[in-house]
Amino acid sequence: MGRVTERRRVIRIRGGVDAGARADTLVAEEPLEIRLNGRPLAITMRTPGDDFALAAGFLVSEGVLAEASDVRNIVYCAGAKDDGTNTYNVVDVQLAPGVAVPDITLERNVYTTSSCGLCGKASLDAVRTTARFAIADEPPLRLTPGLLAALPDRLRAAQKVFDRTGGLHAAALFSEDGELLDVREDVGRHNAVDKLVGRALQAGLLPLRRAVLLVSGRASFELAQKAVMAGIPVLAAVSAPSSLAVDLAAETGLTLVGFLRGDDMNVYAGDHRIALEAGAGTGAARA
């Protein structure tokens with residue numbers, strides 16, 4: 001759609017002194033309504049682009065989709081505005097014949113947000129009962145700290161819009177050898193992950209059993225949920241995880257790495273996939 005960035009007038013102040021006005025490049029933020037078979041399902045604030053992948057990835061995390069053939073079509077809804085023009089802010093995911101349409105209720109969907117009011121056990125149970133893929137990387141991935149330490153720089157180098165705006169999150173998929181497979185940017189870190197997972201669904205790559213998911217911010221329960229629902233065995237974040245994210249990782253077998261900064265990192269769950277040299281600590285697997 002070409003609406004990834006927008007220009008706005010800004011007054012610059014440097015050293016406490018007016019340095020003049022200029023146009024500044026900002027990341028675009030617009031609402032996206034996701035409909036399922038014509039029925040409203042969710043609204044998210046996102047950076048326009050990869051909207052179909054975002055919708056598909058969201059439905060993977062909801063347990064609705066598991067493979068590309070589950071989708072008959074994804075379309076923008078025509079006449080989204082009263083005057084009949086299309087805003088490209090409403091998409092409808094049409095399921096293939098025979099794919100069950102879930103009971104879309106507030107109770108079912110509210111757990112997908114990090115601000116939900118449900119208790120931790122209810123949130124964990126919701127993921128366990130809707131997960132379509134088990135985390136089953138056999139043999140298990142073996143990742144060295146050096147490989148993990150190199151991933152944030154590779155992600156940063158691939159963030160094209162961040163270089164222009166400095167105002168959005170990113171998520172990337174890497175191979176077990178550290179190869180960058182895909183990267184998406186968005187104002188919402190959960191949207192960036194949905195775009196990755198949706199693109200993988202469309203390419204017939206789910207479950208992502210040999211992939212590492214890296215996110216540019218913290219690791220919330222919602223992001224851990226999305227990794228589990230896509231069958232991803234490793235989630236790494238440059239910032240902190242939440243307690244519920246750690247609980248979900250421990251319960252499902254997800255490896256969760258936080259505070260990934262340089263050679264330093266914390267492994268909160270799934271340390272059997274981290275290959276340390278002999279004598280390097282006591283909590284993780286040895287190479």
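Predicted model: local features only at pLDDT ≥ 70, side-chain atom pairs only at ≥ 80, totals over all residues.
Local features require pLDDT of at least 70 and side-chain atom pairs pLDDT 80 or more, whereas totals for chains, interfaces and linings use all residues. Residues are numbered from 1 along each chain as its sequence is written, and side-chain values use heavy atoms, with hydrogens and water left out.

A core is a set of buried Ala, Val, Leu, Ile, Met, Phe, Trp, Tyr and Cys residues joined through side-chain atoms within 4.5 Å. Buried denotes under 20% relative accessible area, exposed over 50%, and partly exposed in between, with a 1.4 Å probe and protein chains only. The largest nonpolar core holds 53 residues. Leu65, Leu206 and Leu213 touch the most other members. A second, separate core has 21 residues, including Leu141, Ala170, Met265 and Ile274. Contacts are heavy atoms within 4.5 Å. Beyond its neighbours within four places in sequence, Leu65 contacts Ala56, Leu59, Val60, Asp70, Val71, Leu95, Arg132 and Leu201.

Two of these partners belong to a helix pair. Helices (H or I, at least four residues) and strands (E, at least two) are DSSP runs, numbered from the N terminus. Helix α1 spans residues 51-61 and helix α6 residues 189-202. They pack at an angle of about 90 degrees, with axes 6 Å apart. Axes are lines fitted to C-alpha atoms, for helices over the stretch in contact, and angles run from 0 to 180 degrees between N-to-C directions. Angles under 35 degrees count as roughly parallel, over 145 as roughly antiparallel, 65 to 115 as roughly perpendicular and the rest as oblique. The α1 and α6 pair is therefore roughly perpendicular. On α1, the contact is made by Phe52, Ala53, Leu54, Ala56, Gly57, Phe58, Val60 and Ser61. On α6, the residues are Asn191, Asp194, Lys195, Val197, Gly198, Arg199, Leu201 and Gln202. The residues of this contact comprise eight nonpolar, five polar and three charged. Here Ala, Val, Leu, Ile, Met, Phe, Trp, Tyr, Cys and Pro count as nonpolar, Asp, Glu, Lys and Arg as charged, and the others, Gly among them, as polar.

Helix α6 also lies across β4 and β5, at about 120 degrees to β4. Both strands belong to an open four-stranded sheet with the order β4-β3-β6-β5 and mixed pairing. Two strands pair if DSSP finds at least two bridges between them. Strands β4 (39-46) and β5 (71-76) are at the edges with a single partner each, so one side of each has no neighbour in the sheet. The twist averages 20 degrees from one strand to the next. Strands β3 (residues 30-36) and β6 (residues 90-95) pair in the parallel sense over four bridges. Ile34 stands opposite Val91 in β6.

Strand β7 (residues 169-175) has two antiparallel partners, β8 and β9. Six of the seven β7 residues are buried. Six bridges join β7 to β8, with Ala172 opposite Val183. The two strands form a hairpin with four residues between them. Gly178 in the turn has a positive phi of about 90 degrees. Five bridges join β7 to β9 (residues 211-215), where Leu173 stands opposite Leu213.

Asp186 lies in β8 (residues 180-186). Its relative accessibility is 0%, so Asp186 counts as buried. Asp186 touches Met45, Arg46, Thr47, Leu54, Leu168, His169, Asn191, Ala192 and Lys195, residues up to four places away in sequence being excluded. The C-alpha atoms of Asp186 and Glu29 are separated by 8.6 Å, although the residues are 157 apart along the chain.

Backbone geometry was examined last. Most residues other than glycine have a negative phi, and most peptide bonds are trans. The peptide bond from Glu138 to Pro139 is cis, with omega near -5 degrees. Pro139 lies in the loop between α3 (120-130) and α4 (145-158). A cis bond also joins Leu206 and Pro207, with omega about -5 degrees. Pro207 lies in the loop between α6 and β9. Tyr88 has a positive phi near 55 degrees. Tyr88 sits in the loop between β5 and β6 and is partly exposed at 34%. Phe259 has a positive phi of about 50 degrees. Phe259 lies in strand β11 (residues 255-261) and is partly exposed at 29%.
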